[in-house]
Each structure stands twice: as C-alpha cells, then as structure tokens.
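Me: I would like to go through the ligand site of this model. Could we start with the backbone contacts?
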Amino acid sequence: MGLSCDLFCRVVDNLGDAGVCWRLARQLAKEHGWAVRLWIDDPVPLADLRPGIDPERDVQQVDGVEIRHWPADFSGVHPGQVVIESFACELPAAFVEAMASQPKAPVWINLEYLSAEDWVAGCHGLPSPHPTLPLLKHFFFPGFAPGTGGLIRARDLPDPPLRNVGAELVVSLFCYDNPALPALLQAWAEGDEPVSCRVAEGAARQQVQHWLGRNFPVNATVRRGSLELIAEPFVAQTEYDRRLVDSDLNFVRGEDSFVRAQWAQRPFVWQAYPQEDGAHFVKLEAFLKRYTTGLSGDPQTRNALTNFWMAWNGRGGIGETWPAFRGVLPRLTFHGPRWAKEIAKPGNLEQNLVCFCRERL
Ligand code: TRH
C-alpha cells in the first residue's frame, strides 16, 4: 500500500517548479500508489502543464493526485506520512507544528534543485534536525551519478527509436531570453540545409518575432531562406515530451525539459537558468564534464559540443560554432542512448524516494 504524502510547491518563476512537482506527484501516485496531496501556491502554470486542471478550484483530483490551492490557514490539516518540501519552499509554520505533534513524525524531505556538481552525492540524504521541534529534515538531491537520488523517469518510458535526419533538420526551441539566438537563426536561414524550427510559446517565440521584424503569432509558419519557423502553442507536458522525441535536435532550459531531453536521447543543447553572478556556468561546466566523458575518445565531437553549448550560454560566437556542432550531430545521435544508460544507473528518483522514506518510517 502506498504512503500518504504532502508535496509542497511554490511557483518561483517560469514553469519548472510546477513542472517537476507535477511530474513527481503523478509518478508517485501512478507507479507507487501513494496518496499525494500537491499543495501549490499558483495553480495557473499547472493548468497549462495539464489541461483539465481548473486553477480556480481549491481542491481537485486529477491523474490520481489531490491538488490543493495552498491556503493561508492549515489548521486541521493532518500531515501525511511523508512531507516533501520542494526547492526549499518553506512549509507553513502551523503545518510543521502539526508534523511535530504526530505520534510518529512524518519523513520530511527537502527536494533540491538538480545539479551535476561533484559535491551533490556527498550531501544527498543528509539529515538536518529542526532547531526547536523533534523533527528531522532530509536533503534529497536529484543527480546523474550513483550516490544521488537519480532523475525522475517513468518506469514505462519507452526507449525512443533511433532517428536519422531526413530532408530537413527538425529542431525544437525552448529557451530564456538569449542574445545568441538571432545569430543562430541567421546561420540557419543562410545555410544550405533546410531547417524546420518548432518554436515554443513564450520567450522563444517573442525573440523570433523580434528577429523577423514582423508579427509571428501562435500557429504561424514563416520561412526565411532555408529556415522554416513554426510558432507552437503551449502544449501539455506529455505532448511536449513527445516533441523532444520527434525532433533531431532539442534546445531546452531549466531543469525539467533538460532532464526530458536526456531521456528522449536526441542531441540537445541546454540553456542553464541565467544567474547574475554567473553561477550557472558552474552548473553548466559540471554537467558538460559528465556528459562529455563518454566522448573522451572523440575530441572533435567533445570540443564542437562544448564550444557550441558555451556559445549558447553566452560565452563564444554561436555562428562560428554552429557548423562544427552540426557536423558532429550524427555522432551525438549515438551518444544519446549511451548517456541515457549512464544516468539510469542511480535508479529513478521516485523509486529511490520510496525506498528512502520506507527505511525511515
Ligand atoms: O520553465 P523553466 O525555465 O523552469 C525553471 C526550472 O524549474 C529551474 O529549475 C528553476 O530554477 C527556474 O525555472 C526558476 O524550465 P523547465 O524546468 O524545463 O520547466 C518547463 C516545463 O514546461 C517542463 O515541465 C516542460 C513544460 N512545457 C510544457 O509542458 N509545454 C510546453 O509547450 C513547453 C514549451 C514546456
């Protein structure tokens, strides 16, 4: 029988906080029979990720998950056996008091942001006593290597079929504001190869519209030289996952689409969430170090990928680095399945979380 679980999510900005929490909640309910209550402070992004969710309702049951609009007053709410505080979102004080007054204290998990940095495995699972109450909070780190919590991955996720580039290079584009984008679009438009770019709603479509110098509304298709641009509507998370499998090259960002692109096993480019102090480069370089380990025998591919990724994140010329990166895409097509096997080694995050909690109940 599954455990009862309260999963708390504060929507900081963008979609990934809700995206990660919704995916985790769905998986725990579907694959482990957990009774999950997802407390979210802004249900609007959730309604975008999963059409059918009504952002106006305080309580609703969707895909086996009880979705609750995070109320001001938690009095009378009985904590579950497991409490997951996502991304250190800070639980309501009354709820923490209720946790401490349970005959058996819930297993308290702090679900951390994903990082490829080496220190993560050493911190994964560490307990931290509450300063005044008889409660222990455990730091649960997703990750790419054994010793971490692993990555969220549905058990029934099929291995995608190998895909070879056809008459045109099919690209999916999901990014933050990115000064490198105009030069990349120009390189594609002026190149010899037909490129069909599926542009995600939001920052990507607005930047393309600015580059075009004309209106580029959702569902529009516009051509510039060898480049076809398709303005995609925002689609359900499950459909977005499929788009990543159905493309030759995926530009992703943040955390959840970054992970999905790796399970899709297609060549991909990640834009790390930009931070003022450039701290995102630490995360970017830590990931590249892991991801290119399997390419150590192929310095041409490793260098072409590293140079293009750094240029996409603001360090280097995107037009100069695109031809070499395009040239190694066929080799990266074979690197994707190898990398997916590598990141599956820690086991998936949901399974690791279930075991972690059962051991502490
Ligand atoms: O939206 P993001 O940039 O979210 C980020 C990350 O959560 C990051 O960790 C956090 O620090 C930052 O916000 C504040 O990118 P991410 O994580 O890929 O989340 C996007 C979600 O949106 C993902 O689940 C995919 C989903 N999506 C759709 O469901 N449909 C779509 O059409 C598109 C483009 C995305």
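Me: How far is a backbone N or O atom of Asp-17 from an oxygen atom of the ligand?
Reply: The distance is 3.5 Å for Asp-17, where a polar contact is a pair of N or O atoms within 3.5 Å. A polar backbone atom of Leu-15 lies 2.9 Å from a ligand oxygen.

Me: Which polar side-chain atom lies 3.0 Å from an oxygen atom of the ligand?
Reply: That atom belongs to Gln-237. The protein covers 97% of the 710 Å² of accessible area that the ligand has on its own (Shrake-Rupley method, 1.4 Å probe).

Me: How should I read these values?
Reply: This is a predicted model; local features need pLDDT of at least 70 and side-chain atom pairs pLDDT 80 or more, while totals for chains, interfaces and linings use all residues. Residues are numbered from 1 along each chain, and side-chain values use heavy atoms, without hydrogens and water.

Me: How many residues surround the ligand?
Reply: There are 22, each with a heavy atom within 4 Å; Asp-13, Tyr-176, Val-235, Asp-256 and Ser-257 are the closest.

Me: Which helix gives the most to the shell?
Reply: α1 does, with three residues; helices are DSSP runs (H or I, at least four residues).

Me: Where does the ligand lie relative to the domains?
Reply: Domain 1 (4–153 + 346–358) and domain 2 (169–343) both contribute shell residues, so the ligand lies between them; the bounds come from an automatic or database assignment.

Terms used. Polar contact = N/O pair within 3.5 Å; in protein donor to acceptor, adjacent residues only side chain to side chain. Helix = DSSP H or I, 4+ residues; strand = E, 2+ residues; numbered from the N terminus.
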